[in-house]
2 protein chains.
Amino acid sequence: MSSLDQLAGRLLGDHPRPGVLYGIGAGPGDPGLLTLRAAALLRRLDLGAVPRSVRRGGVAVQAIAAHTAPGSLVELVSDMPADPGAVERGWRGRVAPLVAALDEGRRVGMVTDGDPSLYSTFAHAAAAIVEARPATEVAVVPGVPSMCAAAAVEGRPLAVGADRVAVLPASRLETGDLEAALAAADTVVLLKAGAAMRRLRALLEGPARGWSVRYARRVGLEGEEHADTLDGASADYMALVILRRPAAGGE
Amino acid sequence: MSSLDQLAGRLLGDHPRPGVLYGIGAGPGDPGLLTLRAAALLRRLDLGAVPRSVRRGGVAVQAIAAHTAPGSLVELVSDMPADPGAVERGWRGRVAPLVAALDEGRRVGMVTDGDPSLYSTFAHAAAAIVEARPATEVAVVPGVPSMCAAAAVEGRPLAVGADRVAVLPASRLETGDLEAALAAADTVVLLKAGAAMRRLRALLEGPARGWSVRYARRVGLEGEEHADTLDGASADYMALVILRRPAAGGE
């Protein structure tokens, strides 16, 4: 059997290539949930960018620390505005060091929490980089989403058989959106739930009465919490809540 | 920097433990999208079970082949009935070799495509094993879902900002369920879409008119296909379709 290191080298082929922007999913934070390709790529990057929120910090660094050389990481600090125009303007400025490194033919990646296709800042960063440097090829390495890691710890699937799943960024939506999801799905996953705790508790007294509740924060990280209630749940911005419809006929 | 092999050993600690049932997500099939923990665990299992459909084969084996010793894998072949009672009865019989191995104190895992919490046969197998052997501890290693890998290849996120996502097993649902998802979400991911192609084409002429279409099958495997249309798309059972709501005001 090949060693993991031999295997990782073969998996990469000629990647990372100079001038390509790699978007790398770091998974939920647990270093064991990084993919082999992500780990191998990180070891060969000249420059790895990690997004960090001014207020909330970033979790990706812990997941990737074992694979990055000191000095090869640059933090891209955002104040995470909600207005889409402000988001775009912010990223146009923030990606300048990455654009410069790509122009120099360096091997450049951006690491994001979870999966780069689900509510990731990578989409904004990549758009800003391609706007500034249209020839940039973008390659995305998917990662394990936090909702999958939370369900794994719980030991209860998100969906089986004919179940319908809805995934929503709770803090960004109106109560009507949440109610529509409850009507159209059997499992509702609410991401960025910390700021929406009051509304979620109200839902559980109303349209989601009888649904089971699972709360998770910082899955695989220090300060990890899991609970079957929202009582006493901390309003961590990155918390997620899984609501499951009661079985037909009641439980 | 530690080698990947050193790191993987540290990540595992005293896992895999005898008598524990590990449910291991293999990701979409690309060996590079296996997690470090999954790869390390597989290398230490005495017995790894892999589900396979009578008609459709299994994809997990390709993702894990580099980490399993010859003779350590057993296939659990199912005819994949739709009736939940028949599913349960089938798994009660099929898990007997795993129950025996757990009783003997062997280190036992079951590998599934994608993530074990999303539409995975692992839920059924684990329930049957715990029913037969109630003391069994179950540990789940999450994996990269196929929808994340499909979006990565496409280079277009599933969701940003306030987007709402619905994930549905298309072949198992009524048209009304699909319509409800279109009303309540901005991105609708249809899994197991091969058997539902005719209905999906009809949706695109009706309630999903104007939505963008992305088709993917066998992501990261031989025979991989991606397309921006359903015209000519093969009715592969495991195909997935991503529908995205047109931007407000039209595109």
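Start by selecting strand S6 in both chains, residues 165–169 of chain B among them: three bridges join the two strands, which run antiparallel. Strands here are DSSP runs of E with at least two residues, helices are runs of H or I with at least four, and both are numbered from the N terminus; two strands pair if DSSP finds at least two bridges between them. Now pick A:Val165, and look across to B:Val167, its bridge partner in S6(B).

A word on what you are viewing: this is a predicted model, where local features need pLDDT of at least 70, side-chain atom pairs count only at pLDDT 80 or more, and totals for chains, interfaces and linings use all residues. Residues are numbered from 1 along each chain as its sequence is written, chains are lettered from A in the order in which they are written, and side-chain values use heavy atoms, without hydrogens and water.

Next, colour the whole interface. In chain A, 59 residues are in contact (heavy atoms within 4.5 Å) with 59 residues of chain B. About 4800 Å² is buried between the chains, with 68% from carbon and sulfur atoms; buried area is the accessible area (1.4 Å probe) that two parts lose on being put together, summed over both. Select A:Met1, A:Leu4 and A:Ser117, which supply 13% of the area chain A buries against chain B, more than any other three residues.

Finally, show the side chains of A:Asp30 and B:Arg37. They meet in a salt bridge at 2.6 Å, N to O. Such a bridge has a side-chain nitrogen of Lys or Arg within 4 Å of a carboxyl oxygen of Asp or Glu, and the count between these chains is four.
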